[in-house]
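Hi everyone, thanks for making time. Have a look at the picture for a moment, and then I'll walk you through it.

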Amino acid sequence: VSFLIPECGILPEVLKNTIADVGEYYLVRNLSVHELVAHEFIDAFVKKGSCYALTYNTKIDQDNTAALLPNGKLILSVDKDTYEELGLQGRPSQYSGKKVMRYIITIDLTDSGFHPDSKKHNRVLWALKEKKPLEFDFLLAWYNTGAEGSTLMSYFSKNQIQALKPKITFNTLRDLQCPVLQSNELQGKPDESCSTEELFEWLGAVLNQVGLDNKSSSFLSTYCCPQPNTIVEKAFLCTITGFIIPEKIIQLLEQLCCYFGEPKLAYWLTLTVHGFADSPVSWRESEHGFHKGGENLYNFVIFRNLDYWLQMAVGTNDDCPP
């Protein structure tokens with residue numbers, strides 16, 4: 001997650017606190033997938049909040065991968081041999097080509113028919129525990145609204161579990177060239193404002209700290225800020241890296257909108273969120289592939305009058321966002 005505030009004054013304390021409280025997450029080593037379909041886990045976490053899990057250091061185009069979504073669906077992306085050994089119902093990956101080498105299995109942990117001792121539950125548990133045990137390192141996070149119960153740390157105390165905090169970096173950018181934007185001009189106007197596409201490209205350069213001066217001696221980039229533009233004396237850039245759940249992103253977005261509540265110098269600001277390149281899903285339950293890169297991201301451009309632009313981007317092997 002990154003946000004950029006041009007012409008930034010002093011950050012409000014409430015925004016600083018939201019950044020600091022973006023939430024910890026957990027890395028569980030050698031966790032068997034069948035533990036995620038156990039009813040003790042479902043009752044303690046899946047049914048009492050939003051639970052997120054994603055396999056760690058797995059490659060979507062080479063390895064078996066898995067993700068648990070907050071709606072209670074467990075998604076497995078497995079190779080052909082694993083799929084045949086599991087014997088669970090799935091569908092061919094839409095990015096397999098003519099010869100199917102990868103399959104997607106979806107298990108709804110909240111299905112009314114997936115109760116203890118049901119045939120469906122016993123079949124899945126047997127497949128994942130005895131027929132073809134799958135074990136991964138998992139990133140885990142859980143969000144609940146005050147419900148009492150176990151914590152992930154105590155629940156997986158017998159496993160090798162580690163609590164992690166997102167890495168937060170702050171940068172102050174001096175004399176930054178910024179495009180001139182008008183919230184009601186998506187395509188931009190010659191000599192008046194820049195388009196959404198120009199802003200998106202410029203933002204990518206800024207977030208990657210690419211120079212904007214188009215020096216002929218540069219071997220890295222000849223990119224320059226689109227016209228018209230203005231020089232901003234000071235801009236604030238914050239990047240938060242980790243397993244960050246949507247509920248925390250919403251809180252950050254709300255506080256950024258409140259930034260305009262008092263007279264500020266900034267006319268607009270941006271919030272950019274990148275998904276994991278090797279996640280088996282991207283938007284909702286849409287299948288995610290890698291191809292040459294696993295890009296999937298969205299960007300908010302929020303204006304002082306609280307108009308906003310929403311930009312979404314994906315790689316080649318991905319469905320278009322909803």
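So, which side chain meets Arg91 in a salt bridge? It's Glu287, with N to O at 3.4 Å. By salt bridge I mean a side-chain nitrogen of Lys or Arg within 4 Å of a carboxyl oxygen of Asp or Glu.

Quick housekeeping. This is a predicted model, where local features need pLDDT of at least 70 and side-chain atom pairs count only at pLDDT 80 or more, while totals for chains, interfaces and linings use all residues. Residues are numbered from 1 along each chain as its sequence is written, and side-chain values use heavy atoms, with hydrogens and water left out.

Okay, the domains. The assignment, which is an automatic or database one, gives domain 1 as 2-22 + 166-314 and domain 2 as 25-164. Their centres, taken over C-alpha atoms, sit 33 Å apart.

How do they meet? In contact terms (heavy atoms within 4.5 Å), 19 residues of domain 1 touch 27 residues of domain 2. The buried area between them is about 1900 Å², and carbon and sulfur atoms give 67% of that; this is the accessible area, with a 1.4 Å probe, that the two parts lose on being put together, summed over both. Two salt bridges are counted between the domains.

The structure as a whole holds ten salt bridges. One of them joins Glu85 and Lys132, with the closest N and O atoms 3.8 Å apart. Glu85 is in helix α3 (80-86) and Lys132 is in the loop between α4 (119-131) and β8 (135-143), so this pair ties together parts 47 residues apart in sequence. Helices here are DSSP runs of H or I with at least four residues, strands are runs of E with at least two, and both are numbered from the N terminus.

Now the sheet. Six strands make an open sheet in the order β10-β11-β1-β12-β13-β14, with antiparallel pairing; to pair, two strands need at least two DSSP bridges between them. At the edges are β10 (167-179) and β14 (308-314), each pairing on one side only. β13 (296-303) and β14 are joined by seven bridges, and Tyr298 stands opposite Met312 in β14.

Last, two helices. α1 (13-20) lies across β1, β10 and β11, at about 130 degrees to β10. α7 (246-258) lies across β1, β11, β12 and β13, at about 170 degrees to β12. Those angles run from 0 to 180 degrees between N-to-C directions, using lines fitted to C-alpha atoms, for helices over the stretch in contact.
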